[in-house]
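User: Please go through this structure and say how each label was reached. I would like the cut-offs next to the values.

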Amino acid sequence: MKLSIRSKLIFSFLSLLIIPLIVVVLTLLVLNGGIFNVPLLENVAHIDTVTTDIVNIFEANHNVEDLTVIDEEIAKQKQNYFNRVLYVDTDGNIRYDSEHLLAGKDISELIVEEVNFLTYDVISANNIAVGKVMLQPTLPIADALDFILFLPTLIMIIFIVTIMAMMLILSKILSDGILKPLRELNAAADRISSGDLDFEMTYKKDDELGKLCIEFDRMRHKLKNSLDRQEKYEQSRKLLLASVSHDLRTPLTSVKGYVEALQDGIITDEGTKERYMQVIMEHTNKLNELIDDLFIFSKMELGEFKIDVENISSDFLLESLLLPKEMEFKDTNIEYIIDKHFPEELVRVDKKRIGQVVDNIIHNASKFTNSYIKVYTDVEKNYLRIFIEDDGIGIPKDELPFIFDQFYKVDKSRTSTSEGTGLGLAISKKLVIAHRGRISVKSEMNEGTTFKIELPIIQLEQPTE
Ligand code: ADP
């Protein structure tokens with residue numbers, strides 16, 4: 001049952017009062033019907049009338065010499081209520097005994113009976129007490145009267161015992177529903193402040209505190225993710241430093257070796273010289289690209305990076321960016337497929353930078369694809385869309401949100417080369433955003449990955465910046 005804390009408290013307080021009352025009433029009903037063979041309340045109500053009637057008989061007849069005349073009347077009245085009726089005058093003389101044994105005796109001489117008598121004053125017509133009527137109740141009536149006397153105490157006892165039982169039950173319910181989650185929250189807050197995030201909240205009921213616990217757990221989860229990510233970044237930065245120095249040193253050492261060999265003059269053969277020069281050129285290009293990435297990125301970080309935009313037709317842009325790549329893949333086992341139905345729209349771009357984005361994504365695809373890289377384009381809602389699809393190993397779902405983050409690299413063991421700084425997609429994203437565009441990715445593990453670049457189309461009637 002879904003109850004708010006407020007309802008729980010109201011319900012608790014009410015039940016603390018109502019349930020003991022119900023228990024008292026039920027107990028009385030059970031006792032009334034069960035213990036006495038005649039219904040208790042009925043008899044007790046009637047006994048008053050009977051008593052008053054008997055007292056009235058004596059008030060009317062106290063002057064009569066022989067009270068046996070009232071025998072019949074008394075017998076009729078006392079019935080099941082009283083065993084014996086005595087009338088004692090003010091001097092202590094027993095003037096009437098319904099059993100006809102004690103009349104004429106003094107009341108003080110009599111041994112007190114086990115069952116107590118009920119005593120009532122008999123008042124004469126001129127308001128003077130003339131004697132006492134003593135009534136000996138039958139056993140059930142005596143029990144009932146005793147019970148009536150004991151009733152307030154019994155009610156108190158039942159009430160108090162039920163309240164105590166209720167308090168135990170309610171404190172357990174409230175403690176389970178309020179204190180337990182509060183204690184858990186407290187312990188969780190302690191664990192978080194001591195840096196421990198590897199736990200899960202167990203209280204998940206659908207109430208305010210349950211929601212708070214779930215929310216708290218969500219926060220813990222987020223914090224853990226962000227700390228994990230931060231740790232991963234730190235790790236990447238360290239790796240970056242190591243890999244940058246490695247990536248710089250390897251081609252440099254190699255270049256140095258070739259240059260020294262050329263300087264030494266050992267190489268005379270023109271063909272070998274040419275090959276050496278070629279290798280030097282390739283290494284220098286690689287160095288150049290790496291340094292370029294780092295340079296652009298640090299400029300972007302410092303906010304000093306500017307793009308140099310011009311209005312250009314999208315078909316012209318796409319042709320010049322995509323077609324030359326056909327040659328690159330010609331002698332590889334990657335099939336490079338371009339859908340050449342390029343849209344003819346006007347876009348405002350820095351051709352070199354958008355080229356860099358496309359290059360980077362195609363280059364990534366070439367590292368991971370199985371058989372093909374497919375590029376297709378279209379226009380939707382005033383955006384030129386460029387899709388770059390591969391059928392490679394894909395990117396794990398939980399890594400997808402981070403791949404555009406700087407220095408973020410999906411598990412290194414996936415590639416045979418140690419190539420890559422984790423900057424490519426971060427730079428690409430910044431470049432696309434600088435063009436007021438968007439970049440996104442869809443990927444299925446072992447099925448492939450599709451990157452989508454979206455660039456805004458310029459409407460001719462709109463003035464350009
Ligand atoms: P890098 O410069 O190291 O390649 P990127 O920022 O370009 O870094 O890419 C980030 C990560 O995204 C890479 O580590 C790579 O594992 C993953 N990735 C990028 N493109 C693809 C793709 N087409 N298929 C699978 N993984 C990819």
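**Labels and their grounds**

Analyst: Phe58, Tyr87 and Tyr96 are linked into a cluster by ring pairs. Rings of Phe, Tyr and Trp (its six-membered ring) pair if their centres lie within 6.5 Å; planes under 30 degrees apart are stacked, over 60 edge-to-face, and the rest tilted. The model is predicted, so local features need pLDDT of at least 70 and side-chain atom pairs count only at pLDDT 80 or more, while totals for chains, interfaces and linings use all residues. Residues are numbered from 1 along each chain as its sequence is written, and side-chain values use heavy atoms, with hydrogens and water left out.

User: How many aromatic pairs does the structure hold, and what makes the pair of Tyr258 and Tyr276 edge-to-face or stacked?

Analyst: There are six aromatic pairs. For Tyr258 and Tyr276 the ring centres are 4.7 Å apart and the planes stand at 80°, so the pair is edge-to-face. Tyr258 belongs to helix H5 (residues 208–264) and Tyr276 to helix H6, so the pair ties together parts 18 residues apart in sequence. Helices (H or I, at least four residues) and strands (E, at least two) are DSSP runs, numbered from the N terminus.

User: Why does Tyr258 count as partly exposed, and how does Tyr276 count?

Analyst: Buried means under 20% relative accessible area and exposed over 50%, with partly exposed in between (1.4 Å probe, protein chains only). Tyr258, at 24%, is therefore partly exposed. Tyr276, at 19%, is therefore buried.

User: What makes the pair of Tyr376 and Phe387 stacked or edge-to-face?

Analyst: Their ring centres are 4.9 Å apart and their planes at 10°, so the pair is stacked. The pair links distant parts of the chain, 11 residues apart: Tyr376 is in strand E8 (residues 372–380) and Phe387 in strand E9 (residues 383–390). Tyr376 has a relative accessible area of 23% and is partly exposed, whereas Phe387, at 12%, counts as buried.

User: What puts the buried residues of helix H7 (residues 314–322) on the same side?

Analyst: The buried residues are Ser314, Asp315, Leu317, Leu318, Leu321 and Leu322. They cover an arc of only 160° around the axis, which puts them on the same side of H7. That arc is taken over the directions from the helix axis to the C-beta atoms.

User: Why does Ile354 count as buried, and which residues is Ile354 in contact with?

Analyst: Ile354, in helix H9 (residues 351–368), counts as buried because its relative accessibility is 1%. Leaving aside neighbours within four places in sequence, Ile354 is in contact (heavy atoms within 4.5 Å) with Leu317, Leu321, Val349, His435 and Leu455. Ile354 and Leu317 are 37 residues apart in sequence, and their C-alpha atoms are 9.2 Å apart.

User: In what sense do strands E3 and E4 pair?

Analyst: Strands pair if DSSP finds at least two bridges between them. E3 (residues 118–123) and E4 (residues 129–137) have six, in the antiparallel sense. Leu118 stands opposite Leu135 in E4. The hairpin has five residues between the strands, and Asn127 takes a positive phi near 70° there.
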